[in-house]
Amino acid sequence: MSDTLIEIDHVTFGYDASRTILNDVSMTFLRGKVTAILGGSGCGKTTLLRLIGGVYPANQGRVVFDGELLDTHDKDQLFRLRRRLGMLFQFGALFTDLTVFENVAFPLREHTDLPESMIRDIVLMKLNAVGLRGAAPLRIAEVSGGMARRIALARAMALDPELMMYDEPFAGLDPISMGVTANLIRKLGDTTGATSLIVSHDVQECFSICDYAYLMMPGGRVVAQGTPEQLNASELPEVRQFIRGEPDGPVRFHYPAKPLAEDLGVTA
Amino acid sequence: MTDALSNLGAATLRWLRSLGHAAFFFLDLLRFSPAALRRFSLVVAQVHAIGNLSLVIILASGLAVGFVLALQMYYALVTYGAAESLGLIVNLALVRELGPVVTGLLFAGRAGTSLTAEIGLMKAGEQIAAMEMMAIDPRSRVLAPRFLGGIVSMPILAVLFSAIGILGAYVVAVLMIGVDAGNFWSIMEARVDVWRDVGNGIFKSVVFGVICTFVALYQGYETEATPEGVAYATTRTVVISSLGILAMDFVLTALMFSTP
C-alpha cells in the first residue's frame, strides 16, 4: 500500500474560461497525516476540496485517490470513493429539518443496515467525542455556530472515513471552541488513522496540529510547502507576509483599481 | 443587424439548452421514483408536509367556490326555470374543471413555493452538497420522495376540494335558497358519470400534480444559491406552474370531453 492517499497532479481549474481558480497545482497528501492548505480568501482552497470530492472535474491535470484516477463522469466510482471520505463544511451544512441526533445518524441510516440500537450507540459515542452527547435531542435551530461545527464533525466521522476534509474549521469560532476543534481534529486523526486535510487561513491553529502544509496565493498557485517549522523559517516574501499577517508585501490588499484621487475627482 | 441575429441565436440556444436540462431532470425524477417508493416512509412524510398542510387553504377555498357557484348558477338558471339542474351544474363544474384547476393553482402557490424555497435554501446552506459528499444522491433522497408526495397529494386535495364545494353549494342552494334537496342530489346521481366526469377530473389533477411538483423541484434545485435567487425561483414556480396547468387543462379538456 502506497503512503500517498491523494495526489493532485498539475491541476488547473476555473468555473468559466475567463477566471482561473487553480493554476497548475500539485500536492500530495500522505496517509494518516494532517495536512493543511493555507491561503487567503479566494485563492481556491475550498475549490480544491471540491475537486478531490469529485464535485467538479479538473480542466487540466489529474486527481488520484488511493491510486485510482478520479473520473467525475463515473458516478459509481465517485460514490464509492466518497463513501471513504468525510467532509466538514464551513458552516456545518447540517440538515435543519432533523435533530442533532438524526443528523449524525443520517449517514449511518443511509449507508448501513445496522439495527437501531447500534445506530443509537454509535451516534451517542460520536456526539460524546465532540462533547455534545447532551445536545442529541436538540433541533439545529437551537444550537450555536460552534456547536453546529462540532455536530457536523460528529456527522462527518460517523462512518469512520479514511479521509477527513475540513473546510475552514476555525472560522468564526471563539478561542475556546477553536482550541477544542483543533485538538479534536488532531486526536481524531491519531486515533482513527484517518488522513486529514485542513483548508484554513488560520496559520497558528493549523501549525499547532498539522504535519505538513501548503501555502496558496491568489491566482490559485502553490507558493510554498513544508512542515510548520520549515514554513516558519521561510524567507520567501509571500510566506513571511502571510504567516506574520503583514499588510505590505507581494499580496496586495486592494483590488486593482484606478488611483483613489482620480476616482474621487480631486486630481491636482 | 448581425448583432441582433447573433443575440437571438444565443438566446434560442440558451432556451433549448435549459429545456433539454429540464427534460433530463424530469427523467431523473422518474428514474429515482421507484427507489423512493421502496422507502415509503419518506413519501408519506412528504404527503403530510405537502398535502396535509395544504388542507386548510384547499378546504376553505372549495367551500367558498361552492357557495358562490351555487348562488350564481341559481340566479342564472331560475330565469329559465331550470333551477332543478343546479346540483348537476355545480357538480360537473367542480369535478371536471374547478376542482383540479383551482386546486392546482392553490397547490402551486402553497406547496410549490414551499418546495422551491426548501430545496433552494438546502442548496444555499450546502445541505445538498453535503449529501453529495456523503455519497448520497439528493435526487433519490430529497427530490424523488417530494415528487411522489406531490403527485399523491394533488388528486386527494382536488377530490376534497370538489366534495367540500358540493357541500357548500348544498348549504346555499338547499338550506338557504330552498332548492329541493332530493332533486339536488338525484340529478347528480343520474347524470354524473364516475369514470367520464370524476375519473377524468382526478386524472387531470394527477397531471397537474406532476407539472406543479416538477416545476417547483426544478426551480429549487437549479436556483442560484442566494436570497435573491431563491426569491426569483419561488416566483417562477408560481408563474410557470400556473401557466402550465391552464395550458394543459385546455388540452386535456379538449381530449376528454370532445363529445357531448
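The legends below describe close-up views of a predicted model.

**View 1. The six-stranded sheet of chain A.** In chain A, 6 strands form an open sheet with mixed pairing, in the order S6-S7-S8-S3-S9-S10. Strand S6 (85–88) and S10 of chain A are the edge strands, each pairing on one side only. From one strand to the next, the twist averages 15 degrees. Helix H9 (residues 237–244) of chain A packs on this sheet and touches S9 and S10 of chain A. The direction of H9 makes about 80 degrees with that of S10(A).

**View 2. The pairing of S6(A) with S7(A).** Strand S7 of chain A covers residues 163–167 and pairs with S6(A) in the parallel sense. The pairing runs over 4 bridges. Within this part of the sheet, A:Gly86 stands opposite A:Met164, a residue of S7(A).

**View 3. The hairpin of S9(A) and S10(A).** Strand S9 (residues 212–217) and strand S10 (residues 221–226) of chain A run antiparallel and are joined by 5 bridges. A:Leu215 has A:Ala224 in S10(A) as its bridge partner. The hairpin has 3 residues between the strands. A:Gly219 takes a positive phi near 100 degrees in this hairpin.

**View 4. The four-stranded sheet of chain A.** A further open sheet in chain A consists of 4 strands in the order S2-S1-S4-S5, with antiparallel pairing. Its edge strands are strand S2 (22–30) and strand S5 (68–69) of chain A, and each of them pairs on one side only. Helix H1 (residues 45–52) of chain A packs on the sheet, where it touches strand S1 (4–13), S2 and S4 of chain A. Between the direction of H1 and that of S1(A) the angle is about 120 degrees.

View 5. Strand S4 of chain A, residues 60–65, is joined to S5(A) by 2 bridges, and the strands run antiparallel. A:Val64 stands opposite A:Leu69 in S5(A).

**View 6. The fold of chain B.** The secondary structure of chain B comprises 9 helices and 0 strands. From the N terminus on, the order of elements is α-α-α-α-α-α-α-α-α. The C-alpha trace of chain B spans about 65 × 55 × 30 Å along its principal axes. Of the 260 residues in chain B, 42% are buried. Among contacts in chain B between residues at least 6 apart in sequence, those joining residues at least 24 apart make up 87%.

**View 7. The packing of H8(B) against H9(B).** Helix H8 (residues 194–222) and helix H9 (residues 227–256) of chain B pack with their axes 9 Å apart, at an angle of about 155 degrees. Angles over 145 degrees count as roughly antiparallel, so H8(B) is roughly antiparallel to H9(B). The crossing in which H8(B) passes H9(B) is right-handed. On the H8(B) side the contact includes B:Val207, B:Phe208, B:Ile211 and B:Val215. On the H9(B) side the contacting residues include B:Ile240, B:Gly244, B:Ile245 and B:Met248. By class, the residues of this contact are 12 nonpolar, 6 polar and 3 charged.

**View 8. The contact between chain B and chain A.** Here 10 residues of chain B are in contact with 13 residues of chain A. The side of chain B that touches chain A has 6 nonpolar, 2 polar and 2 charged residues.

Key:
Residues are numbered from 1 along each chain as its sequence is written. Chains are lettered from A and ligands numbered from 1 in the order in which they are written. This is a predicted model: local features need pLDDT of at least 70, side-chain atom pairs count only at pLDDT 80 or more; totals for chains, interfaces and linings use all residues. Two strands pair if DSSP finds at least two bridges between them. Axes are lines fitted to C-alpha atoms, for helices over the stretch in contact, and angles run from 0 to 180 degrees between N-to-C directions. Two residues are in contact if their C-beta atoms, placed from the backbone, lie within 7 Å. Angles under 35 degrees count as roughly parallel, over 145 as roughly antiparallel, 65 to 115 as roughly perpendicular and the rest as oblique. A crossing is left-handed if the near helix is turned anticlockwise from the far one by less than a right angle, and right-handed if clockwise. Ala, Val, Leu, Ile, Met, Phe, Trp, Tyr, Cys and Pro count as nonpolar, Asp, Glu, Lys and Arg as charged, and the others, Gly among them, as polar. A residue is buried if 20 or more other C-beta atoms lie within 10 Å of its own, exposed if 12 or fewer, and partly exposed in between; C-beta atoms are placed from the backbone.
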